[in-house]
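Please look over the model below. The report that follows covers its salt bridges and one of its helices.

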Amino acid sequence: MRLTDIALWIFTAAFFIFMILPIAVVVVISFTSAGYASFPVPGWSFKWFARIFEYQPFIDSLWVSLQLAVVATVASCLLGIPAALHLSRARSGWATAITTFLLSPLSMPMIVIGFASLFFLSWLGFGISFAALCIVHTVICLPYVIRTVTAVYRSVPPAYEEAALILGASRLTTFREVTLPLIRPGIAAGCLFSFLTSFDNLPVSYFFGSAQTNTLPVVMLAYMEHQFDPSIAALSSLQLLLAVIALVVAERLYGIEKMTVAT
Amino acid sequence: MPKTAHVSARMRQALLLAPSLIFLVVFFVMPLVDNSSRSFMTEDGSLTLARYGSFLSDRFYLGIIVETVVLSAAVTAISVLIAYPVAYVLVRKAGRLSGPIIFLLIAPLLTSIIMRTYGWQVLFARRGLVNQWLVTDLGILDAPLRLLNTPGLAIAALVHVLVPFAVLSIASVLQGVDRRLEEGALMLGASRFRTFFEVTLPLTMDGIGTGAILVFMIANGSFVTLVLLGGGFQTLPLLIYQQFNTTRDFALASTMSTILLVIALACLWLQLRLVRRQGA
């Protein structure tokens, strides 16, 4: 190996230590027996995981977040997949412009989307409600589904569908038997990113906070501003575990390269 | 193609596109327009530019716009500088390790912003891991350092959030570079360094641009890191958050979010130009 290669690998290793260290310490701290997050860890326990289930706002907001992420992801699929199917085959300048527009929520500052939506949705009569949260979360999740489905469907040759149509299958049958199985990796990646985006979102959910509509990140932020105990660490570790399981399952089913198109 | 078939194809296109288009026009465009329009209205509903006039002539608020842009630019520059070698290793050197490397890049994206800021607090608190090493284990220092609420830590935390996006976009462009151009330069006697700086780097400039704009856009809108880790920065998103939380001057918050929106739109426009050039 050349010297430059060695230097590159050392740099890369340092980079990943930088990336992993702040996350790893949280996982370690979540197993501490001490009442505060500090080193050295005096002993090990699961009590902070138990604490999650004793603190009612965590459980309530976890339930809100889960329902919200499912609704936003399903809505994004229903709205986004048809558009993605059309746009990935269209070649006109209009189609490019529409794709840009449909992806543009990704480029707008989340805090502005949240702040603006609060006033607009109140004016429409939604107020601070679960329905309002679902609408705003769908706005920020929709681009992920459109992006991943478009990316996957573009790489599918139209010949497969043409063959089915020529052989006499109806449009619906062709969609169900040919198109849908082919774009499934895109849908899966889109759902994964949509779900995680919604579940983690703080800047938008923050504006729609109330006892009934606080999401998990909003409750965690409020908790962190007053306390520094390791229950936040335990909760974060659980969240990470779930996300990693989802990623590994998606990777086993569809391959990790497909996942990177979403970012 | 018979005319009826053509018409029904049009109908089908419209039906496929309409739901998402209508949804985003109503629930994405209209709130933003509504919000910006509020910053141009006086209390009694007539048009005014007074808010922008006073905002842009106030040294404090001008300073905040500058600070927002400078902080985002600094975070972007650091992210791109760190990301390039990592992307290079991922595409050119990793071989069978590229799978695990991509996994390590994506894994932090799956962690919540709360978890990461908590991690930085645990690492750099007075009784955190870093002070523990410096004072007790290595004995370099006598007393723990004050590391939380420093600008450096806030910047590091922002880079931590954003650098994977830069790596992924640079890597995707590096992947597309025609290796024969590099081999040609090497064969004609250029050193490896010269080949890199005169062939590889110019060819990946557009990828650096796209990645940089992406990072800049996200940095411009982020405030959770700054709320929790401090650092003394005063940025537009942070001020909007404070206006909403404590001062409750919603017209001022609308003005600031419109300015933030204009910066974001400018970035989007730049990004589209770059992408179009890559396509051409």
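The text takes the salt bridges, then a helix.

This is a predicted model, in which local features need pLDDT of at least 70, side-chain atom pairs count only at pLDDT 80 or more, and totals for chains, interfaces and linings use all residues. Residues are numbered from 1 along each chain as its sequence is written, chains are lettered from A and ligands numbered from 1 in the order in which they are written, and side-chain values use heavy atoms, without hydrogens and water.

A search of the whole structure finds nine salt bridges over all chains. A salt bridge here is a side-chain nitrogen of Lys or Arg within 4 Å of a carboxyl oxygen of Asp or Glu. The table lists some of them.

| Pair | N to O distance |
|---|---|
| A:Asp5 and B:Lys93 | 3.1 Å |
| A:Arg89 and A:Glu161 | 3.5 Å |
| B:Glu198 and B:Arg194 | 3.3 Å |

A:Asp5 is buried, at 11% relative accessible area. Buried means under 20%, exposed over 50%, and partly exposed in between (1.4 Å probe, protein chains only). B:Lys93 is partly exposed, at 26%. A:Asp5, B:Lys93 and B:Arg192 form a network of salt bridges.

A:Glu161 is buried at 11%, while A:Arg89 is partly exposed at 27%.

Helix α3 of chain A covers residues 56-89. Helices are DSSP runs (H or I, at least four residues), numbered from the N terminus.

Definitions and conventions:
Helices (H or I, at least four residues) and strands (E, at least two) are DSSP runs, numbered from the N terminus. The expected span of a helix is 1.5 Å times one less than its number of residues.
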